[in-house]
Amino acid sequence: MEQGERTIDFHAVLLGLRIDTRGLEHPDTIGLSPLTLRVGRRGVAFAFRFGVVVFAGVPLADEHAVLEVLRPRVVEAVAVPERDRTTASLSGSDDKLDTAGAIFLKDDAPERLQIVANVLAKSLVLSQQETELAIAVDRIDQLAMELKRKGRGVRQARDLVRQIGDSLLTQHRMVGRVAVEDKPDILWDWPELERFYARLADEYELLERGKAVDRKLALVGDTIRTLLELVQDQRTVRLEWYIIILIAIEILLSLYEMFFRSH
């Protein structure tokens, strides 16, 4: 088969919050950031520390073998791994995307495969966060509607604090680990691939989706904090009423005792 006719299948798997790749180097290691392993004759696996593994041209059986090695090193593994796929054709001429979004690579060099893997991995994390935030926004809508109907706090403070923690964890992951807006480090060594990366990132709308996630995170966080303040205010009001009632009881007892003694 001619090189121009060959295609490479990319398969991305989101395993969890983070993958500890330290100490996994072996003779098949191609690179360390991300951990890049040669699998079989032509396949390559990229293990990103933010929890995603991307396989390029790796048979399914070999994928399972790599995943079994990585799973013990996954932090906060997801119950059902998220997955995404794409295909690139080897054009033999240039790295590009056509008007339909099809990917063409000059060759199957690891640096070119890593560019596609990087974008696919970030897109997969964004998809997972978009799904989680959609669920969170639905919950917020239900809380707001219940608050409007009942006119008071609708959840325990503990639940609201937990939701705030989830939102902050998501934000930390997006900003600190995935770094959607940051270019991959490999572009420092291969600046000629920067234009191709930018075109690919634009095709997957990484920047726009990342900003949308940030806006939704801010909305969820602000709303939960407001609801938490309402719950805390209600507790403060109840506590003040308890104190007033206790004072009133003490006054009544004192008046009763004074009245009893006077008679």
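Start by selecting Ala61 and Glu68 on helix α1: both are exposed (over 50% relative accessible area, with buried meaning under 20% and partly exposed in between; 1.4 Å probe, protein chains only). Helices here are DSSP runs of H or I with at least four residues, strands are E runs of at least two, and both are numbered from the N terminus. This is a predicted model, in which local features need pLDDT of at least 70 and side-chain atom pairs count only at pLDDT 80 or more, while totals for chains, interfaces and linings use all residues. Residues are numbered from 1 along each chain as its sequence is written, and side-chain values use heavy atoms, without hydrogens or water.

Now select the rest of α1, residues 60-70, where Glu63, Val66, Leu67 and Leu70 are buried. These four cover an arc of only 100° around the axis, which puts them on the same side of α1; the arc is taken from the directions from the helix axis to the C-beta atoms. Their cover includes β1 (7-19), β3, β4, β5 (52-56) and β6 (74-90), where contact means heavy atoms within 4.5 Å.

Next, show the strands. Eight of them form an open sheet with mixed pairing, in the order β2-β3-β4-β5-β1-β6-β8-β7. Two strands pair if DSSP finds at least two bridges between them. Strands β3 (35-39) and β4 (43-48) are antiparallel, with five bridges; leucine 35 has alanine 47 of β4 as its bridge partner.

Select valine 52 and its surroundings. Beyond neighbours within four places in sequence, its contacts are Ala12, Val13, Leu14, Ile19, Phe46, Ala47, Ala121, Leu124 and Val125. Val52 is also among the residues with the most contacts inside the largest nonpolar core, which has 44 residues; the others are Phe10, Val54, Leu105 and Leu200. Such a core is a set of buried Ala, Val, Leu, Ile, Met, Phe, Trp, Tyr and Cys residues joined through side-chain atoms within 4.5 Å. Helix α2 (110-150) gives the most to this core, 13 residues. A second, separate core of 16 residues includes Val13, Leu24, Phe55 and Leu67.

Move to helix α5, residues 194-203, and pick Phe196, Tyr197, Leu200 and Ala201, which are buried. Seen down the axis, the buried residues of α5 fall within an arc of 130°, so they line one face of the helix. Just after α5, glutamate 205 has a positive phi of about 55°.

Finish at alanine 179, in the loop between α3 (157-178) and α4 (186-189). Its relative accessibility is 15%, so alanine 179 counts as buried. Phenylalanine 50 lies 129 residues from alanine 179 in sequence and 9.5 Å from it in space, C-alpha to C-alpha.
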